[in-house]
Amino acid sequence: MTVGRPRMAMQSLAGYSPGKSAAQAEREHGIVDAIKLASNENPWEPLPEIVQAVQAAATGVNRYGDNASSDVRSAIANWLAIDPAQVTVGCGSSGVLQQLMLTYVDPGDRVVSPWSSFEIYPMFCNLFSAELVKVPLVDFRFDLDAVAAAVDERTKIVFLATPNNPTGTSVSTEAIDRLLRKVPTDVIVVVDEAYKEFNDPSFGDSVIDLVPHHRNVVVTRTFSKAYGLAGLRTGYGVGDPELIAMIERVRLAFSVNNLAQAASLAAIEHASKNQSRVDALVAERNRVSDALAGLGVPVVPSQANFVFIAIGEASERVALELEQRGLVVRPFGGFGIRITVGDASENDRVIDAMAQLSLG
Ligand SMILES: *Cc1c(COP(=O)(O)O)cnc(C)c1O
């Protein structure tokens with residue numbers, strides 16, 4: 001019998017399923033040297049300067065930290081040449097996305113997103129008893145005209161992940177600007193840029209190109225991926241000061257912990273040093289893409305730190321075969337497989353394995 005009386009929303013809420021760990025795969029298949037390429041994590045530990053900052057902050061964790069993350073907000077504002085009132089820091093950018101849902105979405109409201117996209121959007125919609133309107137991708141890319149057409153009077157939020165997870169495709173700020181001119185100004189358009197650092201700069205910079213011109217746009221970014229801080233998770237949102245103040249009110253107090261704040265400050269301070277790691281991952285991504293394409297694998301050109309191979313119905317089987325070879329990847333049933341870019345030797349293993357497998 002059910003314990004207590006769960007909310008109606010619990011009936012359709014499966015909970016987040018994190019990618020399988022390497023250790024789990026080793027146990028399941030009786031193998032060694034498994035690696036996890038399933039969660040788009042950075043293969044390298046954070047810069048030593050960041051690790052030192054976290055270590056130094058560890059002795060202070062008997063105290064609650066700064067609830068407003070004031071220093072981090074100022075540092076981000078300074079970094080991006082904007083006002084601190086335009087910045088909110090959250091428990092990962094997922095935390096900021098949750099704050100946006102908590103602020104704007106009532107039961108029965110609609111949220112629009114191109115689909116496939118980030119799996120947290122449908123989870124949040126289930127949690128809030130909202131309806132996610134999924135606008136099909138066209139050739140793995142966003143169809144922003146169709147997104148605009150899907151917005152109606154019940155729509156509160158549009159989510160645009162660019163580069164998109166899981167396809168790795170991007171849209172330009174110009175195209176988003178055109179979308180913003182079509183949708184009502186009381187619909188919040190969220191530009192989820194978790195992979196921004198890996199994106200070709202020619203797609204534009206949302207903070208520069210969009211935020212000054214549209215009060216209803218919010219850009220979310222994170223230190224989890226490019227800065228290797230997934231295990232501490234801090235993210236941030238940039239937008240209109242009134243919107244930022246509003247979404248600050250719903251954030252769980254102290255959810256950006258002391259270590260995460262210290263790490264974020266160090267990450268910003270050493271951002272230019274970190275850039276060489278991002279550049280290396282981008283070069284590896286392009287190498288993997290080219291090698292897979294050379295093998296005849298249908299790989300979607302990626303702007304992120306992962307590649308998507310569009311092998312449809314073969315996805316679950318091929319993902320399992322990769323896992324048996326110690327490569328834990330992320331299948332999207334019937335659609336394709338997302339493979340995180342690792343270090344060079346990890347990527348070599350992916351290329352070798354794909355050369356051996358039958359994708360038909
Ligand atoms: C990984 C990811 C995030 C956020 O990660 P956080 O750790 O919560 O900052 C946000 N959006 C997309 C599309 C992602 O893939």
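The structure is a predicted model, in which local features require pLDDT of at least 70 and side-chain atom pairs pLDDT 80 or more, whereas totals for chains, interfaces and linings use all residues. Residues are numbered from 1 along each chain as its sequence is written, and side-chain values rest on heavy atoms, with hydrogens and water left out.

An open sheet of mixed pairing is formed by seven strands in the order 2-8-7-6-5-3-4. Strands (E, at least two residues) and helices (H or I, at least four) are DSSP runs numbered from the N terminus, and two strands pair if DSSP finds at least two bridges between them. Strand 2 (87-90) and strand 4 (131-136) each have a single partner and stand at the edges, so one side of each lacks a neighbour in the sheet. Neighbouring strands are turned by 20° against each other on average, direction ignored. Strand 6 (residues 188-192) and strand 7 (residues 217-222) run parallel and are joined by four bridges; Val 189 stands opposite Val 217 of strand 7.

Helix 7 (residues 173-182) packs on the sheet, touching strand 5 (155-161), strand 6 and strand 7, and its direction makes about 165° with that of strand 6. Angles run from 0 to 180 degrees between N-to-C directions, with axes fitted to C-alpha atoms, for helices over the stretch in contact. Helix 3 lies across strand 2, strand 7 and strand 8 (235-238), at about 130° to strand 2.

Arg 73 is found in helix 3 (residues 70-80). Beyond its neighbours within four places in sequence, Arg 73 is in contact (heavy atoms within 4.5 Å) with residues including Val 87, Val 89 and Glu 248.
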